[in-house]
Amino acid sequence: MAANYSSVNRTTPFGSGDPYYNASTGYITPSQPPKKKVSNWIKFGVPIAILVIVGAVLGGVLGSRASKNSSASSAATSAIQAKNAIGIYPTGTDSLYMLPLYPATTNTAAFTTPTFISTSDANIAWPQDSFQPSNPSPTQVRSDRPRLIAPSYKWQALPNLIKHDPYLSSWNTSIFSNASQYMNLPPVPYVMDSGNGILDPARQVKQRVKVFSYVYRMTNDTKWLDRVWTELQNAAGNVTNGWGPNNSSRWNPVHFLDTAELTAAYAIAYDWLYDQWTSDQLESIRFTMIEYGLNNGVIAYDSANDPLYYGWWTNNTEGNWNCVCNNGLTMGSLAILGDDNTGIAQQLLSKTVTSALQNCALAFSSDGTWTETNDYWYFGSTGHAELASSLQSATGSTYNLLDVNPGIKLSGLFHMYATGPGSLFNYGDTGPNKYTATANSMLFYGDKFNMPQYQLFQRDQADAPDPWSMFWYDPTVLGAFWDGLALDRFFDNSTDQWASMRSSWTDENALFVAMKAGTLQGHQTHNDLDCGDFVVDALGNRFFGELGDGNYVAEGYFSNDTQGSERWLYYRKRTEGQNTILVDAANQNVLAAPTVNFDSSGTAQGSSTVFQAPSGSTAYFIADLASAYFNVTSFSRGVRLINQRQQVLVQDEITASAAVMWRAHTNATVAFANNNQTATLTIGSSTMEVQLLNPPAGAQFSTMPAERLSTDPPTPVGWPDQPNTGVTVLTISLPSGQYTLEVLMTPQWPGVQSSSYVQPSSVPLSQWSLTSHP
């Protein structure tokens with residue numbers, strides 16, 4: 001008899017409208033921030049992936065693997081003991097941006113160069129996998145269960161490792177706590193969100209299945225097994241009132257991400273709990289997965305018989321869709337291979353791996369940048385890592401999914417350098433709720449590419465507590481990710497072209513500046529018209545930042561990336577919605593092909609969390625952006641750090657035959673002085689002074705609301721812009737002409753006298769060098 005969940009709340013839990021995006025207002029102002037951080041600027045639209053995170057955290061360098069010998073083993077033991085004596089490195093998590101807070105101290109025994117220690121000590125190292133096929137094939141799987149990501153030898157070793165590693169212990173506690181929270185909730189309700197499908201419910205089901213399955217295997221308490229079955233029955237529609245349409249489209253294959261994530265959830269349940277299910281339960285799970293998941297995958301890969309375009313993502317889609325969809329189908333197929341008498345698993349495995357090699361794996365640019373946006377890296381890299389890890393554990397090979405593109409190895413650096421004290425350099429779309437999409441692919445990539453700094457960086461993050469982390473993390477990792485890590489990095493792939501500069505990796509109040517150029521096409525229609533866009537963090541606040549998503553279901557939002565696309569009618573996607581120059585109140589040219597120049601003093605942080613940049617430490621990024629504009633003869637923008645990384649200079653040199661407007665979005669309060677050539681930005685108790693140096697005639701600061709200009713073409717009928725409550729645009733407006741605009745940004749650092757700040761001499765961008773400014 002089917003379970004009765006008639007009391008389950010099946011109305012949307014998200015309020016009215018689109019749950020992913022309509023609730024995203026750009027800026028949320030906490031009335032009383034619970035910690036010393038008081039910035040109003042909060043990254044929006046991407047809630048933390050996990051319902052509750054309860055770990056102890058809440059309270060340029062190449063890695064190495066040390067050689068294995070007797071002296072090395074002794075050193076390994078000592079180093080591990082030192083690591084464990086310290087425990088969790090951060091002393092807490094910032095309540096505003098959910099980033100780790102590091103103590104102002106140093107410990108030379110642990111805060112050292114990142115490395116993996118080579119040891120066979122069962123207290124601190126994983127055993128070797130005995131499954132090593134000489135001629136691996138995607139359709140030849142290991143004989144033992146589980147197959148997916150966490151083979152049985154790892155489950156056997158895990159309890160002992162948890163006892164001896166503070167991070168594994170903390171994550172384990174967090175996962176158990178999350179499981180208890182989920183247990184108190186009803187089964188995931190079916191919520192169809194306009195054109196965005198059931199992606200949120202699908203990822204919630206996957207999230208719960210992972211956590212419940214993990215806790216069952218760690219405890220053998222059948223209440224967790226029973227709850228997995230309840231969630232599976234619910235999502236199969238085997239409850240009163242059902243779950244979606246009662247046909248093969250129950251998992252919404254027209255938005256195939258939904259189908260893929262649910263298929264992955266069922267694959268995890270089938271595989272991780274294989275020995276606990278009865279034969280009838282296995283048959284039921286297998287039938288549901290095939291009926292609503294894998295069968296639709298076959299349709300997706302048969303373009304001649306795919307009238308509803310389930311499989312548009314199978315070709316020419318170098319982005320997260322290809323990664324997530326192929327991963328779900330692959331995990332489902334691997335889970336039932338050998339039990340499946342329909343042949344569908346083998347049929348799909350002959351297609352998904354090849355498609356992922358030709359699409360998903362190429363979504364990483366040559367410099368490691370994810371070609372969509374920083375936030376979509378979470379979805380794409382999670383799908384890619386789950387896919388590669390599942391194939392490795394189940395069949396003994398990743399089939400070049402990690403090797404076909406050298407940029408994959410650099411992906412972790414992309415994520416690290418895109419992360420500032422005020423969250424990500426989150427240009428473009430920031431995407432739907434993450435749930436199961438975390439940054440824990442960093443742990444997988446760190447292990448596979450011998451990049452210990454990836455693991456050391458990610459283990460301190462708020463989204464680290466997750467079942468995947470328990471098996472991707474290598475407890476032999478030692479050191480501090482920041483030790484020897486350059487403060488600056490340039491990402492030079494022509495599609496992206498961006499730079500990251502900072503004053504410290506471990507000070508939550510550090511100065512952070514990032515700026516981009518790059519093309520305005522080729523980003524899976526997730527980008528903005530934003531050549532020259534920048535963000536600035538200082539004093540624990542984001543003083544200039546991004547607006548993020550528009551409304552994903554708005555008419556024409558994803559139509560195309562041509563010049564006339566309806567996408568560019570929406571303020572948050574228009575050039576005026578970015579921190580860049582606006583010419584003739586018009587959008588940038590989508591055929592932009594900027595050229596860029598970057599240089600850095602190469603300053604790297606040492607082992608201490610306390611770091612002061614030495615004299616002469618600097619970095620700069622210059623972009624020729626003339627091709628991004630109409631009515632422009634020449635235009636270059638440069639940004640640089642000056643005065644030992646205490647101040648920022650943004651310099652524009654432009655010749656335009658139409659009106660010019662300098663624009664930057666802030667949610668600080670703004671006050672003017674010096675004939676409006678000085679603006680003081682205040683967020684809480686923190687201030688930043690913004691000065692217009694050597695101003696051209698008529699140049700002065702003013703402010704505008706963050707809303708469309710009166711001259712803009714209208715948005716499609718019924719689809720107004722989202723409000724950007726609390727956002728102010730700092731502007732400089734000038735008529736057509738030739739100008740040099742020099743904007744100096746000076747955070748008012750505690751304890752620093754005004755005489756310590758500098759006003760640099762005017763230096764043309766063509767003459768910028770590492771020594772051209774103080």
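How many salt bridges does the count come to? In this predicted model, the count comes to 22 salt bridges. The stops below visit some of them, then a helix pair.

Select Lys 210 and Asp 466. Their side chains meet in a salt bridge, 3.0 Å from N to O. The two residues are 256 apart in the chain: Lys 210 belongs to helix 4 (residues 199-219), while Asp 466 sits in the loop between helix 13 (452-458) and helix 14 (467-472). Both Lys 210 and Asp 466 are buried.

Go next to Arg 567 and Asp 429. This pair forms a salt bridge whose closest N and O atoms are 3.0 Å apart.

Now select Asp 537 and Arg 542. The closest N and O atoms of this salt bridge are 2.6 Å apart, and both residues are buried. Then highlight Arg 203, Lys 206, Glu 261 and Glu 386, which salt bridges with shared partners join into one network.

Finish with helix 5 (residues 222-235) and helix 6 (residues 256-272). They pack at an angle of about 145°, their axes 11 Å apart, and helix 5 passes helix 6 in a left-handed crossing. To show the contact, select Val 228, Glu 231, Leu 232, Gln 233 and Ala 235 of helix 5, with Leu 262, Tyr 266 and Ala 269 of helix 6. Six of these contact residues are nonpolar, one is polar and one is charged.

Note on methods: Residues numbered from 1 in each chain as written. Predicted model: local features only at pLDDT ≥ 70, side-chain atom pairs only at ≥ 80, totals over all residues. Heavy atoms only, no water. Axes fitted to C-alpha atoms, helices over the stretch in contact; angles between N-to-C directions. Helix = DSSP H or I, 4+ residues; strand = E, 2+ residues; numbered from the N terminus. Left-handed = near helix turned anticlockwise from the far one by under 90°. Contact = heavy atoms within 4.5 Å. Nonpolar A, V, L, I, M, F, W, Y, C, P; charged D, E, K, R; others polar. Salt bridge = Lys/Arg side-chain N within 4 Å of Asp/Glu carboxyl O. Buried < 20%, exposed > 50% of the residue type's maximum accessible area, 1.4 Å probe, protein only.
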